[in-house]
Amino acid sequence: MEASQLEKGCLFPPLKEIREVSTKVAVDVVKLAYSSGLATIHPEPEDKEQLVKDNLYSPDYMSYIPHTYNWPKE
């Protein structure tokens, strides 16, 4: 979070930056989990940021509408 936001009294980052900030926090939590022996995924991944990104919640939904195709005209 930028210093100007802190000066305004903001406690949280702007919504447009929330995923980026959440990722950084999660990476620090993963590092702490491994350094303190609390991690449950072994062996320890080298790229912890990629581990976090691979497991982030995505608000995008799969489309359940079947693909349709135009039937050829005779």
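Let's start with glutamine 5, which is buried in this predicted model, at a relative accessible area of 11%. You'll find glutamine 5 in helix α1, residues 3-7. Setting aside neighbours within four places in sequence, glutamine 5 is in contact with Cys10, Pro14 and Glu17.

Now, on to the core. Which residues make up the largest nonpolar core? There are five of them: Val27, Val30, Tyr34, Ala39 and Val52. Helix α2, residues 18-35, gives the most to this core, with three residues.

Let me stay with tyrosine 34 for a moment. If we don't count residues up to four places away in sequence, tyrosine 34 touches Ala39, Ile41, His42, Pro43, Glu44, Pro45 and Lys48. In case you're wondering about aromatic pairs, a search of the whole structure finds zero. What tyrosine 34 does have is a charge over its ring: the charged end of lysine 48 sits there, 5.7 Å from the ring centre.

That brings us to lysine 48 itself, which belongs to helix α3. Is lysine 48 buried or exposed? With a relative accessible area of 13%, under the 20% cut-off, lysine 48 counts as buried. Leaving out neighbours within four places in sequence, its contacts are Val27, Val30, Lys31 and Tyr34. Lysine 48 also meets glutamate 44 through the side chains, in a salt bridge of 2.8 Å from N to O. Glutamate 44, for its part, is partly exposed, at 43%.

How many salt bridges turn up in a search of the whole structure? Three. Glutamate 20 forms a salt bridge with lysine 24, and the closest N and O atoms are 3.4 Å apart. Both residues lie in helix α2, four residues apart, or about one turn of the helix. Glutamate 20 is partly exposed at 48% relative accessibility, while lysine 24, at 52%, is exposed.

Over in helix α3, glutamate 49 and lysine 53 are likewise four residues apart, about one turn. Their salt bridge has its closest N and O atoms 3.2 Å apart. Glutamate 49 is partly exposed, with a relative accessible area of 39%, and lysine 53 is partly exposed too, at 45%.

Last stop, leucine 51, also found in helix α3, residues 48-54. Not counting residues up to four places away in sequence, leucine 51 touches Val30, Ile41 and Pro45. And if you follow the chain 12 residues from leucine 51 to serine 63, the C-alpha atoms of the two are separated by 26 Å.

Thanks, everyone!

Technical notes. Residues numbered from 1 in each chain as written. Predicted model: local features only at pLDDT ≥ 70, side-chain atom pairs only at ≥ 80, totals over all residues. Heavy atoms only, no water. Core = buried A, V, L, I, M, F, W, Y, C linked by side-chain atoms within 4.5 Å. Buried < 20%, exposed > 50% of the residue type's maximum accessible area, 1.4 Å probe, protein only. Helix = DSSP H or I, 4+ residues; strand = E, 2+ residues; numbered from the N terminus. Contact = heavy atoms within 4.5 Å. Phe/Tyr/Trp six-rings, centres within 6.5 Å; stacked < 30°, edge-to-face > 60°. Lys NZ or Arg CZ within 6 Å of the ring centre and 35° of its normal. Salt bridge = Lys/Arg side-chain N within 4 Å of Asp/Glu carboxyl O.
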